[in-house]
Amino acid sequence: MSRYVLGITGASGSIYATRTAMYLKKLGHSVAAVVTAPGREVVQYEEQTALYGYCDQLPDVDDFFAECASGSADYAGMAVVPCTMGTLGRIACGTADNLLVRSADVCLKERRPLVVVPREMPYNLIHLKNMETLTCTGAVVIPASPQFYSKPGTIEELVDTVVVKVLRHLGVNMEVLKEIVKPWDGGKKYAEENS
């Protein structure tokens with residue numbers, strides 16, 4: 001079992017956080033969720049409070065004494081899902097002005113996986129430069145851009161196409177993830193069905 005930090009900000013799309021926490025928990029991992037005040041409001045508004053049931057810890061966003069604020073704590077990585085452009089910018093600049101940004105900074109300095117999932121769009125040049133900075137420092141930026149070739153039939157299945165990418169970049173077992181969303185097979189099944 002590994003321990004992960006899940007950052008949740010005020011961007012719309014808290015279902016991405018819920019599904020990420022759910023799969024981490026189902027796969028036997030521990031989740032410490034750091035939620036900003038706007039993040040809590042969005043979780044409530046979007047009716048995603050089930051998220052909290054998948055979390056082992058919910059440290060306050062202003063608690064710099066929380067475990068995940070220290071590089072000596074044994075977290076395997078962190079995902080910020082969804083990530084506002086404001087939080088993305090603070091992580092890119094290393095401001096560490098709250099526990100979420102500090103935890104992300106810890107992952108970068110300790111060379112642990114950090115996945116950032118912006119959901120806002122379109123991007124301006126500041127957003128793109130901040131994403132470039134994070135990429136150059138070792139983070140993985142995965143915009144919440146779901147794929148459709150697996151022919152998802154529900155909102156949850158569509159969301160899972162992004163969540164599986166997040167989990168893969170956190171280092172979760174790929175064989176398990178194949179059961180959640182089937183990997184692209186080059187269209188073989190389509191070709192066989194239409195030959």
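Reader: Where is the place of alanine 96?

Author: Alanine 96 is in the loop between helix 3 (85-93) and helix 4 (99-109). Keep in mind that this is a predicted model.

Reader: What is phi of alanine 96 near?

Author: Start with the general idea. Most residues other than glycine have a negative phi. Now the case here. Phi of alanine 96 is near 50°, a positive value. Arginine 111 also goes on the list: its phi is positive, about 60°, although it is not a glycine.

Reader: Where does arginine 111 lie, and is it buried or exposed?

Author: Arginine 111 lies in the loop between helix 4 and strand 4. It is exposed, because its relative accessible area is 69% and exposed means over 50%.

Reader: Which peptide bonds are cis?

Author: The general idea again: most peptide bonds are trans. Two cases to look at here. The bond from valine 81 to proline 82 is cis, with omega near -15°. The bond from methionine 121 to proline 122 is cis, with omega near 0°. Proline 82 sits in strand 3 (residues 77-83). Proline 122 is in the loop between strand 4 (114-118) and helix 5 (125-136).

Reader: On to strands. Which residues of strand 2 are on one side, and which on the other?

Author: In a regular strand the side chains alternate between the two faces of the sheet. In strand 2 (residues 30-35), Ser30, Ala32 and Val34 are on one side, and Val31, Ala33 and Val35 are on the other. Both faces are covered. Six of the six residues are buried.

Reader: How many bridges join strand 1 to strand 2?

Author: Six, and the two strands run parallel. Take valine 5: its bridge partner in strand 2 is alanine 32.

Reader: How many aromatic pairs does a search of the whole structure find?

Author: One. A pair of aromatic rings is described by the distance of the centres and the angle of the planes. Tyrosine 149 and tryptophan 184 are 4.8 Å apart, centre to centre, with 65° between the planes. The pair is edge-to-face, because that term applies to planes over 60 degrees apart.

Reader: Which parts of the chain does the pair link?

Author: Distant ones, 35 residues apart. Tyrosine 149 is in the loop between strand 5 (140-141) and helix 6 (155-170). Tryptophan 184 is in the loop between helix 7 (174-177) and helix 8 (188-193). Tyrosine 149 is partly exposed, at 45% relative accessible area, whereas tryptophan 184 is exposed, at 52%.

How values were computed:
Residues are numbered from 1 along each chain as its sequence is written. This is a predicted model: local features need pLDDT of at least 70, side-chain atom pairs count only at pLDDT 80 or more; totals for chains, interfaces and linings use all residues. Side-chain values use heavy atoms; hydrogens and water are left out. Buried means under 20% relative accessible area, exposed over 50%, partly exposed in between (1.4 Å probe, protein chains only). Helices (H or I, at least four residues) and strands (E, at least two) are DSSP runs, numbered from the N terminus. Two strands pair if DSSP finds at least two bridges between them. Rings of Phe, Tyr and Trp (its six-membered ring) pair if their centres lie within 6.5 Å; planes under 30 degrees apart count as stacked, over 60 as edge-to-face and the rest as tilted.
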